[in-house]
Amino acid sequence: MESGLTSLLSVSIDFETSHLFFPRIIHWLMGGLFALVLVLRVLPFFAAVRRGERTLPILGESMDKFRFFGSLALIAGYFYLMAVVGNLFPYTGYGFLFVSIVFVFLMSLMYMHTRTTRKVVTAAINAIVAPSLAWFILAKLFQITLP
Amino acid sequence: MLDILSLLDISFFLLAALGALIGIIFGAIPGMTATMAVAVCLPLTYALGLHHGLALLLGLYVGGISGGMVPAVLLNIPGTPSSITTTFDGYPMAQRGEGERALRVSVVASVVGGLVSAAILFLFAPLLAEFSIKFSYVEKFLIILLALTVIASMSRNMLVGIFSGVIGIWLSLIGTYSISDGGNGKTRLMFDFLEPYLFEGFSLLPVLIGIFGIATILLEAEDGVKSGLSGKEIKIGKGGGFSFGIFKGRLTNLVRSSFIGTFVGMLPGVGGSAASVLAYTQEKNLSRDSSEMGKGAPQGLIASESANNALTGGALIPLLSLGIPGDSTTAVLIGAFTLQGIQVGPLFIPENADTWYVMMTALVFANVVMFFLMFYAIKHIAKVVLVPQYILYPIIVMMCVVGAYAINYGIMFDVWTLLIFGVLGYLIQKVGLEVAPLIIGFILGGQAEVYFVKSLESFGTYSIFFTKSPIAVVLWLLIAASVAFSVAMGLKSHVKRRLETSQ
């Protein structure tokens, strides 16, 4: 019995595949926990949704679609264009500077609920000043690489 | 000792003060947290040396936690999660026109909490580090396991907490099993075409900045970026009404809450709200007259704010002695250390004595600056709660980009990591998984693997985790205790809910 337990617990790890040893354990653990979460939490939750007591996250909630997907699209476009413009002026950080000005202004406009001239002007000033300041301090004073 | 004095120049103190000021502003803006302040300001430290960078970051940390009291008192919105209990008594006071008095009581309580916890950190961290130096891989692995169980048991639901932690570990394993850690340098958990980008896995800081910065913006955007605050009237009240006499007879409360805050801060991954809630309920249970609490009693503010500021020192204890972050802000600090080429762990304090004293100086100084800034300039600082979101959020996204891009000297993939983890962080919070265990799992996962595999490679049996040393047994007992505690709490709330529904 004793030796049976010892041999059960003994383990040898082949160096060639040692990079897969721990991930395999984690996969089993994740799978097991997922099954438990599914049975104990998710299924009761779906049952509650069906009874109309709860709502589905994201899908069943009211959301500001324009601002949410707008933010996602703006951020993705910002990241993409930054690299593109940055490649036109390598090692200057202009890609960051120019694209940031446009991005900050557009995002400000999108998040405003009522657009008055005063607010738009504030946003425009902010959009020019903030990226310029960040660019100046980081790229010029501190010599930090920017796109 | 003279060496250390030479490290402390004027710019060191200016940076700590600047950090405290920016931190207070971040903390004061609802939705912005101390973690975000530290994450967003990280790029500023790239160009600074280690000590100056630490001064700035610790200032941000202390300021960020304290700033949360401002909207809590004035608007009934906790600026950071840990000021939730400050709203209970602060807001009623503000409505009576005692806003400034409430804020000043909170400021005094905060600085006491901060300094008490700094003192405990100073005394306790080196001891813990010295003790843990003798730990072998087996004990180190068990410490990580303990950290993860504690975090999970503090989550709303333990099972979900553990699951989130394991997902975090899984994410950290993407990339190579690094040769420098004794691995074989092969990649796993990804497709071949991703190898150029993910050879070393996801970088820690872009992941953290994404989860804490971009995800917050997405959550706010989904809500439509409410501009509701600007219409709200702020009642700060007339000056005066504050005297240190308020603290007469409140010393026990002050000290007890500071200790509670420090202790809760030490537990890895437990957020600030647990500390202030615990201190608040303790004051309610133990004080002679708690009938006024919740209606605007200074004693509630004292309990809440001293506990939440005491978190700062507490959370640094496991970070500096074991390399395990005490909360999400210190998790970002780990990134800052790594950036400067410093490995935090048991050897950190003995090997970097200068840095250790410099950190303590910065921490104490940041608390003092925070006190003077908030005590005398609170009226002006209070106005930042009205800065509109449409100005702030774009700037935050911009700063996140700088932080992520510059971290590895200009890698665009790190910027995309921001978006990936921003969206992931958003989804995680939406489906009800827990962010804190996930982050801690992500940070500690790599080390957990190395310690686990090394232990098995050297001893060749799983039983070593139980039989290695008495410390291993104690650690298992602690793990069992934290699981039992969580199960007991879960059952208790379950029974309570049953009783409530049956009534």
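Helices here (H or I, at least four residues) and strands (E, at least two) are DSSP runs, numbered from the N terminus, and the expected span of a helix is 1.5 Å times one less than its number of residues. The model is a predicted one, in which local features need pLDDT of at least 70 and side-chain atom pairs count only at pLDDT 80 or more, while totals for chains, interfaces and linings use all residues. Residues are numbered from 1 along each chain as its sequence is written, with chains lettered from A and ligands numbered from 1 in the order in which they are written.

Take helix H3 of chain B, residues 34-46, to start with: its 13 residues reach 19 Å from the first C-alpha to the last, close to the 18 Å expected at 1.5 Å a residue. H3(B) still bends by about 35 degrees at B:Val40, and a proline, B:Pro43, follows within four residues. The bend at a residue is the angle between axes fitted to the seven residues ending there and the seven starting there. As for cover, 13 of the 13 residues of H3(B) are buried, where buried stands for 20 or more other C-beta atoms within 10 Å of a residue's own, exposed for 12 or fewer, and partly exposed for anything in between, with C-beta atoms placed from the backbone.

B:Ala47 counts as partly exposed because it has 15 C-beta neighbours inside 10 Å. Leaving out residues up to four places away in sequence, B:Ala47 touches A:Phe142, A:Gln143 and A:Ile144; contact calls for C-beta atoms, placed from the backbone, within 7 Å.

The contact between the chains takes 53 residues from chain A and 55 residues from chain B. On the chain A side, helices H2 (18-50), H3 (65-88), H4 (94-111) and H5 (117-141) each supply at least two residues, and H2(A) gives the largest share, 15 residues. Sorted by class, the side of chain A that touches chain B has 38 nonpolar, 11 polar and 4 charged residues. Nonpolar covers Ala, Val, Leu, Ile, Met, Phe, Trp, Tyr, Cys and Pro, charged covers Asp, Glu, Lys and Arg, and the others, Gly among them, are polar.

Helix H11 of chain B (residues 204-222) has 19 residues that should span 27 Å at 1.5 Å a residue, and its end C-alpha atoms are 26 Å apart, which agrees. H11(B) bends by about 35 degrees at B:Gly210, and 18 of its 19 residues are buried. After H11(B) comes B:Gly224, with a positive phi near 90 degrees.

Most residues other than glycine have a negative phi. B:Asn76, not a glycine, has a positive phi of about 65 degrees and lies in the loop between helix H5 (69-75) and helix H6 (84-95) of chain B. B:Leu189 likewise has a positive phi, about 60 degrees, without being a glycine; its loop runs between strand E2 (187-188) and helix H10 (195-198) of chain B.

How values were computed. Two residues are in contact if their C-beta atoms, placed from the backbone, lie within 7 Å.
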